[in-house]
Every structure is written in structure tokens, then in C-alpha cells.
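Subject: Structure handover

Hello,

Here is the structure for you to look through. My notes on what was found in it follow below.

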Amino acid sequence: MAVSGGPRGRSERTDGRETKARLVAAATQSLREVGFAGTSAREVARRAGTHQSQVFYYFGTVPDLLLAALDAVSERRLTAYDGLLAGAHSSADLIEAAGEIIASDLATGDVAILTELLSGSRSVPGMSEQVAARLRPWEEFAERAVRQAASAHPLGALAPTADLAHLVVATILGLELLASVDPDPQRLPDLLDRAAATAALLTALMPASARPDAVGALPSPVAAHPAYEVEGTS
């Protein structure tokens, strides 16, 4: 009988973590390449080099595995983008940071993970609510960014930051969706350049005392949501 915490116990826990990580990585890859409809337990297990029973052993259901894949992608993205938005000192800076976020998502294929789950989850009872819950940290992060940008404006205190944050997240998702199918790859960068130029012009027209010359760093979204705790996933 193995003693809990002994060499065998530690080895089993390590093997379990490695298997779970391989399954999450395989599910992420499958969502990118064959979409929600093609991501079955068998497909994920094939990509992970294990038996499909491992999917159910470690995650319970395929939807729970896909949500775990979304959690992993979201945590990585939020960590990376924290640094981008922390350096945003104006509306123009925020637009530039948003452009970098969109470009990165398109280059890595991360946007495909979310869009596949947004569309596919409607066919699984209760899954849409789980996906929506995972968008909340993004909206809270966007809300902090909007509040910070608005704080330098004379009327910033009147800005509906929660509504604007929701609009920011929806706009970024929409731009990413359009860019993923747009035959003109330059359209989105041009649009963002024009938006940044407009924001810079509006800032220049503000009274000197009201311009956002310097702002503090944004709080880390990952620190605020370390585990993305949503009931039903593990």
C-alpha cells in the first residue's frame, strides 16, 4: 500500500498534472483547427496521446475540458495584456494597446477559442452561462482601463464606465471576428491608426491642465481573478 505523500504518491500527482495539461493543450489545439463540433473526447485524446477515458476521469465532461482550455488561454492573455494596458496614459495609448491585443490574438489563434465556444456553447445546456462568466474578468479589466482613461477628463466622473467597458470588450471581439475573415489584412490596422489619430487630436484640443500627462499602472486582472473560480469546472 502506497503511503500518501511518498515517492509513488508524488509521482502519481505529477503524472496527473501532466496528463491534464496535455489534455488542455490538445483541446485548445483542436478548437483552433477543427472547431467546437470537431472537438470530441476521442479527438482530444488522440492529440494528447492518451485514452479518451482520461478526459472523463480528469474533467468529467468534454464541455468542462473545453472550459478549462478557455481558462488557460484567458489567464495567459490577461497576463500578457496587463503589461500593455498598464502603460496606457491616454485614449490614444489605449487604442494602440487594443490594436496590439487584437493582432496578438489573431496571430496565435486565441480568438478562435473564444468564438468557437461562444457559438458552440449554445447547443450545450448551461454552457453559455459558463462562457459568459469567463468574459467578466475581461469586462472588469476593461472597466478599470476606461475609468483610468476617463479620470483625466474634466467630465470623466460622469462616464458610464461599466457600459463603456462592455462596449470595449464587444468591439474588440467584433473587430477580431471581422479581421479573421477580412480578405484585406490592412483594413484593421488602418482603422486603428485613424482611431488613435482622432483620440490624439481630441486630447490635444483639451485644456493643458486636463490632459492625461501621467497616470498610474492598472491593477493586474490576474491578481483579481487568480483561479477564474466558476462552479462546475476543475
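Contact, in these notes, means heavy atoms within 4.5 Å. The model is predicted, so local features need pLDDT of at least 70 and side-chain atom pairs count only at pLDDT 80 or more, while totals for chains, interfaces and linings use all residues. Residues are numbered from 1 along each chain as its sequence is written, and side-chain values use heavy atoms, with hydrogens and water left out.

Overall layout

The protein chain has 10 helices and zero strands. Helices (H or I, at least four residues) and strands (E, at least two) are DSSP runs, numbered from the N terminus. Of the 234 residues in the protein chain, 41% are buried. Buried means under 20% relative accessible area, exposed means over 50%, and partly exposed is in between (1.4 Å probe, protein chains only). Among contacts between residues at least 6 apart in sequence, 71% join residues at least 24 apart.

Alanine 41 and helix α2

Alanine 41 is found in helix α2. Why does alanine 41 count as buried? Its relative accessibility is 8%, and therefore alanine 41 falls in that class. Leaving aside neighbours within four places in sequence, alanine 41 is in contact with Gln52, Val55, Phe56 and Val62. Alanine 41 and proline 63 are 22 residues apart in sequence, and their C-alpha atoms are 9.7 Å apart in space. The buried residues of α2 include Glu43, Val44, Ala45 and Ala48. Just after α2, glycine 49 takes a positive phi of about 70 degrees.

The core

Nonpolar side chains tend to be buried together in soluble globular proteins. A nonpolar core is taken here as a set of buried Ala, Val, Leu, Ile, Met, Phe, Trp, Tyr and Cys residues joined through side-chain atoms within 4.5 Å. The largest nonpolar core has 35 residues, and those with the most contacts inside it are Leu23, Leu65, Leu66 and Leu117. Two or more residues of this core come from each of α1, α2, α3 (53–59), α4, α6 (110–120), α7 and α8 (161–181). Helix α4 gives the most to this core, with 10 residues. Apart from neighbours within four places in sequence, leucine 66 is in contact with Ala27, Leu31, Phe36, Thr39, Leu117 and Met127.

Salt bridges

How many salt bridges does the structure hold? There are eight, where a salt bridge is a side-chain nitrogen of Lys or Arg within 4 Å of a carboxyl oxygen of Asp or Glu.

In one of them, the side chains of arginine 47 and glutamate 33 meet at 2.9 Å, N to O. This pair links distant parts of the chain: arginine 47 is in helix α2 (residues 41–48) and glutamate 33 is in helix α1 (residues 7–38), 14 residues apart. Arginine 47 is partly exposed, at 22% relative accessibility, and glutamate 33 is exposed, at 53%. Glu33 and Arg47 are linked with Glu43 and Arg46 in a network of salt bridges.

Another salt bridge joins the side chains of aspartate 71 and arginine 134 (2.7 Å, N to O). Here too the pair links distant parts of the chain, with aspartate 71 in helix α4 (residues 62–86) and arginine 134 in helix α7, 63 residues apart. Helix α7 covers residues 127–150. Aspartate 71 and arginine 134 are buried, and the relative accessible area of arginine 134 is 2%.

Within helix α7, glutamate 140 and arginine 136 lie four residues apart, about one turn of the helix. Their side chains meet in a salt bridge of 3.2 Å, N to O. Glutamate 140 is partly exposed at 22% relative accessibility, and arginine 136 is partly exposed with a relative accessible area of 37%.

Aromatic rings

A search of the whole structure finds one aromatic pair. Tyrosine 57 and tyrosine 58 form this pair, which is edge-to-face, at 4.8 Å centre to centre with 90 degrees between the planes. Rings of Phe, Tyr and Trp (its six-membered ring) pair if their centres lie within 6.5 Å; planes under 30 degrees apart count as stacked, over 60 as edge-to-face and the rest as tilted. Tyrosine 57 is exposed, at 63% relative accessibility.

The charged end of lysine 20 sits over the ring of phenylalanine 59, 5.7 Å from its centre. For this, NZ of Lys or CZ of Arg must be within 6 Å of the ring centre and within 35 degrees of the ring normal.

Regards
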